[in-house]
Amino acid sequence: MRCVSIAVFLTVLLTTPALAGLNVVATLPWIGSLAKEIGGDRVAVTTLVKPSQDPHMVEAKPSMVLAGRKADILMYNGLDLEIGYLPLILESARNPKIVPGKPGNFDCSRFVMVIEKPTAVDRSMGDVHPLGNPHYNFSPINVRRVAEGMAAALAELDRVNADFYRENFKIFSTKVEQRQQQWQALGLPGKKFVAYHKQFEYLAADFGFQIVGYVEPKPGIPPSAAHVESLIESLGRSKPDGILTTSYYGKKESASIGGKTGVKVILLPGDVGAMPGTDDWFAFMDTTLQALR
């Protein structure tokens with residue numbers, strides 16, 4: 001009877017899903033989505049920023065510091081996108097596992113082919129990111145590279161489950177390749193768009209369309225009446241296929257310009273979860289690219 005009980009116990013032990021072992025804290029929703037894809041049930045993921053928030057304007061909260069204090073690994077976008085709150089979290093959390101240089105400090109941008117890195121920056125250029133354009137979450141090429149780095153980082157921290165993370169990356173990578181075939185068939189090369197903010201340059205590079213103007217005269221600077229008038233005049237010549245914006249960037253200004261020119265306004269999700277049906281990174285990309293057709 002005792003042998004039967006032990007056998008039952010071992011069967012239950014071996015067939016019960018593993019409890020989440022690593023506490024992952026992600027700054028942005030798309031990073032949290034990737035962590036869930038790669039980490040599966042071996043990680044518990046906390047995401048600090050809401051999908052509806054402008055990532056440039058987030059401020060640190062006590063709950064973020066507490067999350068950082070409990071983290072085994074902190075994953076962030078980098079390129080100074082979280083400059084308004086991440087340094088404070090790192091300092092106040094007092095968690096030696098997530099400080100720069102430790103395995104628990106995961107800067108996603110280390111794996112990215114960064115574009116638009118200025119050679120010099122001053123205030124006259126607007127809110128330019130001196131380390132380069134940080135909006136690579138729209139780039140399948142770069143997100144796949146981040147996912148591979150993420151699998152390696154989790155494997156280093158949790159060596160017992162290292163093969164599990166690596167296998168999940170292979171599954172993720174295969175899915176990206178399959179979706180890429182569908183996304184590339186959408187016929188975006190040759191299209192032209194105006195964007196409210198410099199947010200879609202990686203997307204344009206990956207899918208071969210042009211961004212021919214911006215509603216913001218400079219990054220982070222609201223458009224003046226003179227700039228809007230000049231932009232409206234230029235739209236008559238360039239004839240773009242749409243004005244791209246997100247829920248937290250210039251919807252009112254974009255709608256006004258669209259109403260005066262007849263150019264349609266295309267509202268895109270700024271991050272995973274920002275619009276219905278964008279609950280993971282693949283759905284986020286599906287929604288984004290279908291809107292550009």
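Predicted model: local features only at pLDDT ≥ 70, side-chain atom pairs only at ≥ 80, totals over all residues.
**Pockets, cores and overall layout**

A total of 19 residues line the largest pocket, and H56, M57, D127, H129 and G220 are the ones nearest its centre. Sorted by class, the pocket lining comprises 10 nonpolar, five polar and four charged residues.

One cavity of 30 Å³ or more is present in the structure, and the largest cavity holds about 100 Å³ of space. Its lining is made up of 16 residues, with L28, P55, Y248, G270 and D271 lying nearest the centre. Of the residues lining the largest cavity, eight are nonpolar, six polar and two charged.

We can now turn to the packing of the interior. In soluble globular proteins, nonpolar side chains tend to be buried together. Here, the largest nonpolar core contains 68 residues, and W30, M150, L154, W281 and L292 have the most contacts inside it. Helix α5, covering residues 140–157, supplies the largest share of this core, with eight residues. Returning to L292, its contacts beyond the neighbours within four places in sequence are L188, K191, F193, L203, F209, L244, I266 and L268.

The overall layout gives these features their setting. The protein has 293 residues, 47% of which are buried, and its secondary structure consists of 10 helices and eight strands. The C-alpha trace spans about 85 × 45 × 30 Å along its principal axes. Of the contacts between residues at least 6 apart in sequence, 64% link residues at least 24 apart. The accessible surface amounts to about 14400 Å², and carbon and sulfur atoms account for 56% of that area.

G101 sits in the loop between α4 (86–93) and β4 (105–107). Is this residue buried or exposed? With a relative accessible area of 80%, G101 counts as exposed, because the cut-off for that class is over 50%. Along the chain, G101 and A71 are 30 residues apart, and 15 Å separates their C-alpha atoms.

Note on methods:
Residues numbered from 1 in each chain as written. Heavy atoms only, no water. Core = buried A, V, L, I, M, F, W, Y, C linked by side-chain atoms within 4.5 Å. Buried < 20%, exposed > 50% of the residue type's maximum accessible area, 1.4 Å probe, protein only. Helix = DSSP H or I, 4+ residues; strand = E, 2+ residues; numbered from the N terminus. Contact = heavy atoms within 4.5 Å. 1 Å grid on protein atoms, 1.4 Å probe; cavity = no way out; pocket = protein on both sides within 12 Å on 5 of 7 lines; lining within 4 Å. Nonpolar A, V, L, I, M, F, W, Y, C, P; charged D, E, K, R; others polar. Areas by Shrake-Rupley, 256 points an atom, 1.4 Å probe, with all protein chains shown as cover. Points joined across faces, edges and corners; volume = space filled by probe spheres on them.
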